[in-house]
Amino acid sequence: MVEALGISLTEFIFYLINFLILVGALGKFLYKPFLETMDNRKQSIKDALDNAELTNRRADEKMHNYNKRIARAEEEGREIVRAAKQKADAQAAAIVDEANKRASDIIAKAERAVELEREKAMDEMRQEIAAIAIFAAEKIVEQEIQRVGQETIVDEVIKQARNSGWQN
């Protein structure tokens, strides 16, 4: 069969030995380094995936921490707003109380002024009544001297009092 190919048995054995040497040399110098390169590459990919997973875990932890910080910041913001609202409400209540107090003071002063004006008007009215009474007494005495009736005197006093500006 080897002779059918046109080569002798010795050549065939020589080719077979050469082939085996070549396969051995290739296996030693190329296949083993190729396998080592593949193993190294496989290991570096595994390391990269592990590193990526670790990085993702760290990123998730950082994201979780940032979310906690954001939640705390939002809560602090709400607390600040609530405190500011309470402070503003307290200030508004103080302003309203102060305004009510001032209004009460103004009303009290106005009432005192009205009372003083009323007392002054009463004094003036007493003085006018006293003047009218004296005037009436003078007229009565004068009329009695003339023997005129008291009704006429009273009517005349009232008429003169109205003309002089005194009214009920």
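Let's start at Glu115, which has 33% relative accessibility and so counts as partly exposed. Keep in mind as you look around that this is a predicted model. What does Glu115 form a salt bridge with? Its partner is Arg118, and the closest N and O atoms of the two are 2.9 Å apart. Arg118 is partly exposed too, with a relative accessible area of 46%. Both residues sit in helix H1, and because they are 3 residues apart there, about one helical turn separates them.

Side chains of opposite charge can pair when their charged atoms come close. The cut-off used here is a Lys or Arg side-chain nitrogen within 4 Å of a carboxyl oxygen of Asp or Glu. By that rule, the count for this structure is 7 salt bridges.

Now slide along helix H1 to another of them. Glu75 and Arg78 meet through their side chains in a salt bridge, with 3.0 Å from N to O. Being 3 residues apart in helix H1, Glu75 and Arg78 have about one helical turn between them. Are these two buried or exposed, or something in between? Glu75 has a relative accessible area of 42%, so it is partly exposed, and Arg78, at 48% relative accessibility, also counts as partly exposed.

A further salt bridge joins the side chains of Asp89 and Lys85, at 3.3 Å from N to O. Here the spacing in helix H1 is 4 residues, so again the separation is about one helical turn. Asp89 is partly exposed, with a relative accessible area of 42%. Lys85, on the other hand, reaches 53% relative accessibility and counts as exposed, because anything over 50% gets that label.

Time to step back and take in the whole chain. How many helices and strands does the chain have? The tally is 2 helices and 0 strands. Of the 168 residues in the chain, buried ones make up 5%. The chain exposes about 15,000 Å², and 60% of that comes from carbon and sulfur atoms.

Next, have a look at the nonpolar side of things. Which residues make the nonpolar surface patch of about 830 Å²? They are Leu9, Phe12, Ile13, Leu16, Ile17, Phe19, Leu20, Ile21 and Val23.

Let's finish with some rings. A pair of aromatic rings is described by the distance of the centres and the angle of the planes. The structure holds 1 aromatic pair. In that pair, Phe14 and Tyr15 lie 6.4 Å apart, centre to centre, with 50° between the planes, and the arrangement is tilted. Why tilted? Planes under 30 degrees apart would count as stacked and over 60 as edge-to-face, so what falls in between is called tilted. As for Tyr15, it counts as partly exposed, at 47% relative accessibility.

Conventions: Residues numbered from 1 in each chain as written. Predicted model: local features only at pLDDT ≥ 70, side-chain atom pairs only at ≥ 80, totals over all residues. Heavy atoms only, no water. Patch = residues over 30% accessible without salt bridge, like charges linked within 9 Å, V, L, I, M, F, W, Y side chains within 5 Å. Areas by Shrake-Rupley, 256 points an atom, 1.4 Å probe, with all protein chains shown as cover. Buried < 20%, exposed > 50% of the residue type's maximum accessible area, 1.4 Å probe, protein only. Phe/Tyr/Trp six-rings, centres within 6.5 Å; stacked < 30°, edge-to-face > 60°.
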